[in-house]
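User: I'm new to this one, so please walk me through it and start with any term I need for the opening numbers.

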Amino acid sequence: MTPDNAVGRGGREGVRSQTTAVPGAWGARRGGGRAGGRGAERSMVPPAEFTSYYGRPVVKPSPWKGEIPAYLFAGGLAAGSSLLAAGADLTDRPALRRSGRLAALGALTFSMGALVRDLGKPSRFLNMLRVAKLTSPMSVGTWILSAYGPFCGAAAAGEVVEILAPGAHVGPVRVAALTRPAGLVAALFAPPVASYTAVLLADTSTPSWHAAYRELPFVFVGSAAAAASGLALVTAPLAENGPARRLAVGGAALDLLMEHRMERSMGLTAEPLHQGKAGRLMRAAKVLTVAGAAGTLLAGRSRTAAVVSGAALLAGSWCTRFGVFEAGQQSARDPRYTVVPQRERLEREGPVRYRPED
Amino acid sequence: MTSLFRDNDLWGPLDPAADAGYGEDKPKRKGFFTDTSICIGCKACEVACKEWNDVPADHFDMLGSSYDNSHSLNANQWRHVAFIEQPARRTAPVDLGMPGHRQDDTPAADTPAADFRWLMSSDVCKHCTHAGCLDVCPTGALVRTEFGTVVVQDDVCNGCGYCVPACPYGVIERRTAPEGAKNVGIAQKCTLCYDRLGAGETPACAKSCPTQSIQFGDIDELRERANRRVAQMHEAGIMDARLYGNDPEDGVGGAGAFFLLLDEPEVYGLPPDPVVPTRDLPQMFRRATLAAATLMAGAAISFTSRRLVPRLLSTSLGRRR
C-alpha cells in the first residue's frame, strides 16, 4: 500500500488538510499506512506545523542500498588497519603488522566490490576516472582510493610473500624491507579514506546527512579507528595488541562524543537517528561500542576478552554506519525534515541570499 | 583566500555557461518562466515531454488523492503538474488576459464565490545556476550546455546515483523501470529539450502549453516578464502571488526554470528555501581534513605512548640507511 492510497481513503477532507492547517497529522497517517510497526514510533514525535504536497517527499532519497553503508564500514576498517599496520611495522610488532595489512586489503577489496555493485551500470565503473572533480566528493574519494589502493595492496602482497617464503629476497633486499615504504604510504593516504566518506554523505540535500556535516567526519574516523582496532584485537596476539587497545578506546570515545554533539547541532533532523530502523541501529551501535571499549581493559590479559571486545567494536562500527545511512534515507522520505528546517531558518534569518563577504 | 574554489563557483550570481568555459559567441541563457496562475492543469506539457523525449510510461496509478495521478517529478516524469484543492481565500477575481473571461464581464457581486480554489502548477527541473547534481557527478556525465542548462549524457553516466540525493528539489532520479526501457540504471531528467534548442525550437512542453503558463525564452527577459506579471497581480489585489527561484542571489544562484506561485512553495511540493549542498563544501572539506589529522594523531599516540619516537629515530631510520 502506498502512502497516497492510505491518504486517499481519507477522501476529500484529507486532501484539504494537507494544504491548510494541520499537516502534522499527515506524518502519523503516512507512517501508519506504510508499515504497521513504524506507525507507533512515529506517533510519539511531536507534530511540527508544516505543509506538504500530499505528504510526498520533497527531496529524493539516494537510490543506494546496503552496499554503501557496508562500504563506509569497510573503507574505515581498511584505513584504520593500514594505520595500525604501519605503526606495528615501525615498532616491531610483526603479528599486528601482518593482520593489519591483510585486513586492509581484504576490507578494501570488499569495498570496491560493494561500490561497483551499487552502480546502475557496473560495466562503466571506470568512468569514475574520466575526470578529477573537486566539487564531487565521490570523485575526490575515487582518487584517494586510487592513490591508497596500490600501496595497500603492495604491503599486503609483501605479507603474503613472507608467509609463503619467510625471509625471501628480491636481489639483495629483503621483501619485508621493500614493503615498509608501501605500508607507510598507505598509512599516509588512509586517514582521508576514512574521513572523506562523511563528506560523501553530507554533500547532499538529504536532511539528516547534510545537517551533520560538521561532526560526521569525526564520528566516521572514530568509528574507523574502533573497527580496525577491534579486528586487530580479534586477530593479533596479546603481546602485541597494546596499541590496538589504546586506539580502540580513543576511537570509541571520539565516535560516541562526536555523535552526541552531532545530534545536538542537527535540530529536528536528528529525529530520524532515534526512529525506526535507524534508531535501532544507533542504539545497538552505542551499546556495542561502549561494551567493546570497556572490554579492552581486560583485552591485554585475556584472549577471550580481546576477541569478544574486538567483535563488539566491529559490530558497533557496522551499526553506526548503517544507522547514519538509514537515518538519512528516512529523513529524505519525509517532507517534514526538508520543509520545517527551511521554514525555521526563513523565520529566523529570512531567505538565504548571497553576500560576497560570506 | 585559501579556498580551492574560485569566487562564486559554489554559489552566488554567475553566468553558468561562461563559467563552464563557453566563449563569447555562446547563445543567451535559456529557461522557463512558469506562471502557475494561468495553468489549467491540462497536462499537455507532460504528454508533449514524454512524446518528444521518448520517456517511458511509469507510475501509472490512480493515486486517489487528487486529479494528479502522475505523482512526482522522477526519472520517467520530466514535467509534472501538481494539483491542489484548498479552501478559498477571499480575493477579487483577476483578469487573466484570456478571451471571454474579463474581469468586468463577471462582477464578483453577482456570482457567489466558490468556497474552494484549485492550484495547478507544472513543475520541472530548475536548471540551477549552481546545480547540486552537476557539482557532485563523479563521471562528468552531467554537463552544463551552451544554453546554461544542465543535461545528463546517457552514454557517460555510470548510474552511481549521487546526483539523486544531491538535488535540493528532488528532481533527478536513476531510472529503474520499466524493464527493457532505454537508459535503465542511468540518471534521467529534463534536458530543456537540448535537441530542440540546438535547432532553434521551443521545448516541447512550452510549445504545447495552451495558456502560455509555461513560457520559454532568454532568462534575462523572462525575469523581467515575471516581475511585471507579479506586479500586475499585486495591483489587482492578488497578494498571494510571489515569484519562486528568480533571484540570482538565492541558495542555488537563481533557477533557470522559475515560477509564479499563489501559495507557499511547500504547498506545491517545492522546498521553501533551497540551498545547493555544495555551498558548504569548503567547510566540509576542512572538517574532514581535521578529522583525518585527528585519526593520524590518534594512531600515532597509540604507539608512542611507550616507544615509537626513540625507536623511529634510532632503529628504523638507521637500518634503512
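Analyst: Let's begin with contacts: two residues are in contact if their C-beta atoms, placed from the backbone, lie within 7 Å. This is a predicted model, where local features need pLDDT of at least 70 and side-chain atom pairs count only at pLDDT 80 or more, while totals for chains, interfaces and linings use all residues. Residues are numbered from 1 along each chain as its sequence is written, and chains are lettered from A and ligands numbered from 1 in the order in which they are written. Among contacts in chain A between residues at least 6 apart in sequence, the share that joins residues at least 24 apart is 77%.

User: How many helices and strands does chain A have?

Analyst: Helices (H or I, at least four residues) and strands (E, at least two) are DSSP runs, numbered from the N terminus. Of the 358 residues in chain A, 58% count as buried (20 or more other C-beta atoms within 10 Å of a residue's own, against 12 or fewer for exposed and anything in between for partly exposed, with C-beta atoms placed from the backbone). As for its secondary structure, chain A comes to 14 helices and two strands.

User: What share of chain B is buried?

Analyst: Chain B has nine helices and ten strands. Its contacts with a separation of 6 or more include 67% between residues 24 or more positions apart. Out of the 321 residues in chain B, the buried part is 50%.

User: Which element of chain B gives the most to the side that touches chain A?

Analyst: The contact between the chains takes 80 residues from chain A and 73 from chain B. Elements giving two or more residues on the chain B side include β2 (79–87), α8 (281–304) and α9 (308–320). With 15 residues, the top contributor is α8(B).

User: How many charged residues are on that side of chain B?

Analyst: Here Ala, Val, Leu, Ile, Met, Phe, Trp, Tyr, Cys and Pro count as nonpolar, Asp, Glu, Lys and Arg as charged, and the others, Gly among them, as polar. That side has 38 nonpolar and 22 polar residues, and the number of charged ones is 13.

User: How does α8(A) run relative to α8(B), roughly parallel or roughly antiparallel?

Analyst: α8(A), residues 175–202, packs against α8(B) at about 150°, with the axes 8 Å apart (axes are lines fitted to C-alpha atoms, for helices over the stretch in contact, and angles run from 0 to 180 degrees between N-to-C directions). Angles under 35 degrees count as roughly parallel, over 145 as roughly antiparallel, 65 to 115 as roughly perpendicular and the rest as oblique. So α8(A) and α8(B) are roughly antiparallel.

User: How many residues in that helix contact are nonpolar?

Analyst: P191(A) and Y196(A) are among the residues from α8(A), and F285(B) and M296(B) among those from α8(B). The contact holds one polar residue and no charged ones, which leaves the nonpolar count at 15.

User: Is Y54(A) buried or exposed?

Analyst: Y54(A) is in the loop between α4 (36–42) and α5 (67–90) of chain A. Its phi is near 55°, a positive value in a residue other than glycine. Because 26 other C-beta atoms lie within 10 Å, Y54(A) counts as buried.

User: What is omega for the peptide bond from A177(B) to P178(B)?

Analyst: Most residues other than glycine have a negative phi, and most peptide bonds are trans. P178(B) sits in the loop between β6 and β7 (187–188) of chain B. The bond from A177(B) to P178(B) is cis, with omega near -10°.
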